[in-house]
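Open the model in your viewer and keep the selection panel at hand. The stops below say what to select and what is there.

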Amino acid sequence: MDNRVPPRAAGPGPRRRDRHGRGMRGPIAPPQVPLAASRGDVFRDLVQDSVDRLERRWPQLTDVDFLVLEVPRLEGTGDAWADEAVPLGGIIPAREGRRARVVVYRRPVEIRTKGREERATLVHEVVVEQVAELLGLTPETVDPRYGED
């Protein structure tokens, strides 16, 4: 009996099996499983959930863009935040054909929270506060459940 391994066919192309003959390894989880979602995607979903909740009460929010950025930009000198806290969100008013924007900063919010529920609560509070500032209302007017745990 001959135990020799046949020579590998020479030629271009990807290797179809690993050296142990098990084949190519696939992803850890399929894309529809939450394990496959990145932290940024999960955070965007939290913001979108909050926006959907508010749009039912305030239809004019469909004309507002909601953005998620990693961190706020430091404008001006290097000591701009020395005496104040890092912002969790902000607004950019509408002007010259541009829609108003509400921005939520992901990393400062994540740093201040421990779990998903706490993060979802803080994200909703930030969105409500920014929408209230944009509309010139109090946060309690925008969402009557604002501040309740």
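Start with R39, which counts as exposed at 61% relative accessibility (exposed means over 50% relative accessible area, buried under 20%, partly exposed in between, with a 1.4 Å probe and protein chains only). This is a predicted model, in which local features need pLDDT of at least 70, side-chain atom pairs count only at pLDDT 80 or more, and totals for chains, interfaces and linings use all residues. Residues are numbered from 1 along each chain as its sequence is written, and side-chain values use heavy atoms, with hydrogens and water left out.

R39 lies in helix α1 (helices are DSSP runs of H or I of at least four residues, strands are runs of E of at least two, and both are numbered from the N terminus). Show its partners next: not counting residues up to four places away in sequence, R39 touches R106, R107 and E110 (contact means heavy atoms within 4.5 Å).

Now select α1 (residues 39-57) together with helix α3 (residues 116-135); their axes come within 9 Å and cross at roughly 50 degrees. The axes are lines fitted to C-alpha atoms, for helices over the stretch in contact, and angles run from 0 to 180 degrees between N-to-C directions. The two helices are therefore oblique to each other (under 35 degrees is roughly parallel, over 145 roughly antiparallel, 65 to 115 roughly perpendicular, and the rest oblique).

Which residues of α1 and α3 meet? From α1 take F43, L46, V47, S50, V51, R53 and L54; from α3 take R116, R119, A120, V123, H124, V127, V128 and V131.

Zoom in on H124, in helix α3. H124 counts as buried, at 10% relative accessibility. Leaving aside neighbours within four places in sequence, H124 is in contact with S50, R53, L54 and D143.

Stay on α3 and colour its buried residues, among them L122, V126, Q130 and A132. The buried residues of α3 pack against α1, β1 (64-69), β2 (89-92), β3 (100-105), α2 (106-111) and α4 (139-142).

Finish at E96, in the loop between β2 and β3. Phi of E96 is near 40 degrees, a positive value in a residue other than glycine. E96 is exposed, with a relative accessible area of 79%.
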